Amino acid sequence: MDIRQQLLAAFEVEHREHLDAIRAALAAEGPVDWQDVFRRAHSLKGAARAVDLPPVEAVSHQLEALFERISSGGRPLDREARAATHLALDRIEAYVAASAAGPATMPDDALAALNACLAPGTAAPSAPPPMEPAAAPVPPPVATAEAPAEASQPVLRVPAAAVEALTRASHGLWTALPGQSVVAGRIARLAANAGELRRRSEAARRTAGTADGGESDIAGLRRALAEIESGLGALSREAADLAQAHKAAVLSVETAARRLREESERLALVPAETVFGGLARAVRDMARADGREVEVSTRGLDLPVERAMLQALKDPVLHALRNALSHGAESPEARRHLGKPAALSILLTVEAQGGRLVLGIHDDGRGPDLSAIEATGRARGLVAPGERLDAEALLALPFEPGFSTAGAVDALSGRGMGLSVVAEVARSLHGQARLARRTPHGTSLILTLPLSAARRPVLIVEAGGTRYALPSGSSEALLRLDPAALDTVSGRPVAQVPGEGGERLTLPLGELGDLLGGRPNRPEGGTIPVIRLRGTRGRCLLAVDRLEEVRTLLVLPAPPIGNDASLVTGTVILGTDTPVLVLDPDGLIDRLGRAGPRAARPQPREQETGNGTMPEKRRSTILVVDDSITTRTLEKSILEAAGYRVIVCVDGQEALDRLRARIEPVDLVVADVEMPRLTGFGLVEALRAEEDFARLPIVLMTSRGDEEDIARGLQLGADAYLTKQKFDQRELLDTIGQLL
């Protein structure tokens, strides 16, 4: 199936969702949600253009105009408007159904009915008219037996071939599982044979104990030993065969399970090309119809992304591309005067950074007109009289519904819905959208969205004694630098490294251990392992202690602790139980920019003993108490990287028992609150009741951040109360440093 067939198959389902939602909204009792109805028509028009269905696009455009007229009070939703709307919806549905079998024709009556409703003489009076009962819709030429879908019900469009492949993979696993039963039966027989040999051996031992040394007794013992030896040989051979059979059965199950996992992931993850592939052509068609020149390019469309997320983003991305074309286009003469190519350039990028999907729509057009945005914002009451907004605040205004700086409404812009749709969908996916000015010319629209759990390639590194993961796509190059080659600019270390085209790049250098509150831990005098890191906001060099490997792992959501949204985007599990944080390249670049000049590390002061030797300084010991293995491991990693000795307990009762047993001296306790057997509150209360632990520093760190919980913890005797929602490892280390 080529990309156009895939797009048409997706549109066949998508257009029904929009039509059913509009019909349901108009038929519902109470006021109509005109913003949603208008957005549906707007999205339907854009989707029709993307799959090259001009008749559907034309009818949708007039529907959009009619809905705007009604919502603004320009005309009533009377019998004529309802009839025209239902006729248009039916004609669209019939046309798309007929197009699946070959060329189709759209009757002119739908456009004629809509144009009649939009004629100047149909304007409404100043007072909104009462709602009239819905007219019976005109029957569609092609009847359907499908029930209307719920407007809020998410729909995932999956190719039938993908479902069949998943079914075959599940059958393969089911077929492989009986092999385990066969192995289990053979193990049972092996155990029975071993038991029989044991009984024979015991019988022979008893016989030997009662024998008088006669020849018959000796012969009997020899026969028994020979039988046992023969049985042991058979048992050994059977065990070897069983080991091979078990290995084959396990391999068969693992292969079937891996295939099932791959097919499941393929069902949810598809290349962005499958959804976004037709958008570049759609934009070129828009420009051609409007007499404009445009060069549209894409990057990263081979990235596998959740199918449902891509489908939700298709309309917003098309709106954003249309917006870039409409607001960024300049005349060829004006572009040449500014030293630009004659054609507007638009670039669509798709990237995965840690646990985030980053979509960018970049153009080299005229750039955002901040004065026009401010004027429109004041006219709409979004900017108060006398209020002055900075550029960032002004660039947030175009995401408001109905906001447009276009002077007229056309097929590309003017209704103010494009960026509003983008922002609405980004928020619904728990992400964000932002506009930015490009240098030297143009505009960038960036959508940043959290990705669901998926297998992605990551680079595993070690810094400060802790392992971290970085998205491999953001790691442009792995280098080793000679410390003597480093330079300093404005107090910051920089280095010259080769670029992609062979040119020399001068980039700032940051220690990953420094940025995360730890200490570098690599041999002195050797070369420095360095990553040339790229984010959406620039590049930098990241020095680490050790480069390990690139692995494709399941990237899970970031845990509550350590979840600095600007720095940590997810978690991967190494082995069976070792969690590793996935770091955000943009967050690291931002933190490096804020770090300022690197200060010399203070050296610990040591005093000589009487015999002139330096005593070994005892490291402070911290007891970490938490029932979550992920939290325990992360806290342990942070504290050990800071130079502390760490012991762990799984709940408050185990911690209390260990402290009372005095296995080792403990200088401070970091405890969760919600734990089985004995909570953190109970642990604090128990320790403060005992004289030996009355002054032991205790830090409660928990997700319970209500004022009553904080007050209770401090009243019971905790020295500090930190919440995981706002966790910053620097704050934890600073708090511990003050208490010790």
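Predicted model: local features only at pLDDT ≥ 70, side-chain atom pairs only at ≥ 80, totals over all residues.
Residues are numbered from 1 along each chain as its sequence is written, and side-chain values use heavy atoms, with hydrogens and water left out.

Let me start with the whole chain. The protein chain has 22 helices and 23 strands, where helices (H or I, at least four residues) and strands (E, at least two) are DSSP runs, numbered from the N terminus. Of its 740 residues, 44% are buried, and here buried means under 20% relative accessible area, exposed means over 50%, and partly exposed lies in between, with a 1.4 Å probe and protein chains only. If we take contacts (heavy atoms within 4.5 Å) between residues at least 6 apart in sequence, 68% of them join residues at least 24 apart.

Now to the helix pairs. Two packed helices are described by the angle between their axes and the distance between the axes. Axes are lines fitted to C-alpha atoms, for helices over the stretch in contact, and angles run from 0 to 180 degrees between N-to-C directions.

How do we find helix α4 and helix α5 placed, and at what angle do their axes cross? The axes of α4, residues 79-99, and α5, residues 109-118, come within 9 Å and cross at roughly 150°. The two helices are therefore roughly antiparallel to each other, a term for angles over 145 degrees. In their contact, E80, A81, A84, L87, A88 and R91 of α4 meet D109, A110, A113, L114, A116 and C117 of α5. These residues divide into 9 nonpolar, no polar and 3 charged.

For the second pair, the axes of α10, residues 279-289, and α11, residues 307-328, come within 10 Å and cross at roughly 35°. On the α10 side we have L279, A282, V283, M286 and A287, which meet K314, V317, L318, L321, R322 and L325 in α11.

Finally, let us look at R546, which sits in strand β16, residues 546-555. R546 is partly exposed, with a relative accessible area of 41%. Leaving aside neighbours within four places in sequence, R546 is in contact with V461 and E462. The C-alpha atoms of R546 and G464 are separated by 9.7 Å, although these residues are 82 apart along the chain.

Technical notes:
Parallel < 35°, antiparallel > 145°, perpendicular 65-115°, else oblique. Nonpolar A, V, L, I, M, F, W, Y, C, P; charged D, E, K, R; others polar.
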